[in-house]
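User: Hey, I'm new to this one. Can you walk me through it?
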Amino acid sequence: MPKINASTVAEHRVRQREALIRAAIDILVNEGAAAVSPAAVGARVGLARSSVYQYFDSSVALLATIVEEAFRRSNEALADAMADAADAVERVEAFFRESLRLGAEGAHRPAAALMNADLHAACKERMMELHREQVAPFRAAVREIGVPDPALTADLIAGMLHTALSAVDQGAPLDNVTERALELVRRCLFTTD
């Protein structure tokens with residue numbers, strides 16, 4: 001009989017599932033999507049492949065779960081960061097600031113690795129759907145500010161965010177990148193034609 005490392009079986013199963021997801025993310029980020037398999041994930045946490053199948057029935061299920069979990073966690077953090085903003089400008093800044101903080105923690109790495117992977121079409125479509133949900137509050141705030149061509153402005157600001165994330169990934173200090181990028185974002189939001 002397997003050893004239960006929690007006060008209840010249900011809690012044990014939750015912990016095991018979380019450990020499997022963390023292992024799958026680690027494999028994905030470091031070795032690529034093709035390396036994510038029930039056997040590899042099980043080996044990483046010390047479970048037999050057959051035990052992993054109690055939680056995930058395939059590599060596709062593991063990858064789909066990574067997609068859902070990565071976006072869920074980021075979306076919760078972004079929503080929390082934007083919740084206390086007094087106005088649309090503060091919401092844009094909070095989204096930008098929190099996105100960079102999450103990026104510095106590596107939260108974007110699973111999604112980035114998955115975007116470059118040869119995934120099932122439904123999984124890629126779900127990623128795009130989750131990404132649209134993630135940026136919807138940011139895009140709404142840009143629209144609310146009343147800038148000319150809000151969709152294009154939001155896309156251009158998102159481009160700055162991707163560049164800022166890249167700078168942080170390459171070792172630039174998070175605080176410096178954040179402040180300089182926000183200075184540029186403010187110029188975009190308050191410069192009129």
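Predicted model: local features only at pLDDT ≥ 70, side-chain atom pairs only at ≥ 80, totals over all residues.

User: OK, and where does Thr153 lie?
Analyst: Thr153 lies in helix α8.

User: What is Thr153 in contact with, leaving aside neighbours within four places in sequence?
Analyst: With those set aside, Thr153 is in contact with Val142, Val147 and Pro148.

User: Let's stay with α8. At what angle do the axes of α8 and α9 cross?
Analyst: Helix α8 covers residues 150-169 and helix α9 covers residues 174-190; their axes cross at roughly 170 degrees and come within 10 Å. That angle is over 145 degrees, so α8 is roughly antiparallel to α9.

User: Is that crossing left-handed or right-handed?
Analyst: The crossing of α8 and α9 is right-handed.

User: Which residues meet there?
Analyst: From α8 you have Ile157, Met160, Ala164, Ala167 and Val168, and they meet Leu174, Val177, Ala181, Leu184, Val185, Cys188 and Leu189 of α9. Sorted by class, the contact of α8 with α9 has twelve nonpolar residues, no polar ones and no charged ones.

User: Switching topic: how many aromatic pairs does the count come to?
Analyst: The count comes to one aromatic pair. The ring centres of Phe95 and Phe138 are 5.1 Å apart and their planes sit at 25 degrees, which is under 30, so the pair is stacked.

User: Where in the chain are those two?
Analyst: Phe95 is in helix α5 (residues 88-104) and Phe138 is in helix α7 (residues 121-145). They are 43 residues apart, so the pair links distant parts of the chain.

User: Buried or exposed, those two Phe residues?
Analyst: Phe95 is buried, with a relative accessible area of 3%. Phe138 is buried too, and its relative accessible area is 3%.

User: Back to α5, then. How do the axes of α4 and α5 cross?
Analyst: The axes of α4 (residues 59-83) and α5 come within 8 Å and cross at roughly 140 degrees. That makes α4 oblique to α5. The crossing of α4 and α5 is right-handed.

User: Which residues make up that contact?
Analyst: Ser74, Ala77, Leu78, Ala81 and Met82 in α4 meet a set in α5 that includes Phe95, along with Arg91, Ala94, Glu98, Ser99, Arg101 and Leu102.

User: And how do they divide by class?
Analyst: The contact of α4 with α5 has seven nonpolar, two polar and three charged residues.

Definitions and conventions:
Residues numbered from 1 in each chain as written. Heavy atoms only, no water. Axes fitted to C-alpha atoms, helices over the stretch in contact; angles between N-to-C directions. Helix = DSSP H or I, 4+ residues; strand = E, 2+ residues; numbered from the N terminus. Parallel < 35°, antiparallel > 145°, perpendicular 65-115°, else oblique. Left-handed = near helix turned anticlockwise from the far one by under 90°. Contact = heavy atoms within 4.5 Å. Nonpolar A, V, L, I, M, F, W, Y, C, P; charged D, E, K, R; others polar. Phe/Tyr/Trp six-rings, centres within 6.5 Å; stacked < 30°, edge-to-face > 60°. Buried < 20%, exposed > 50% of the residue type's maximum accessible area, 1.4 Å probe, protein only.
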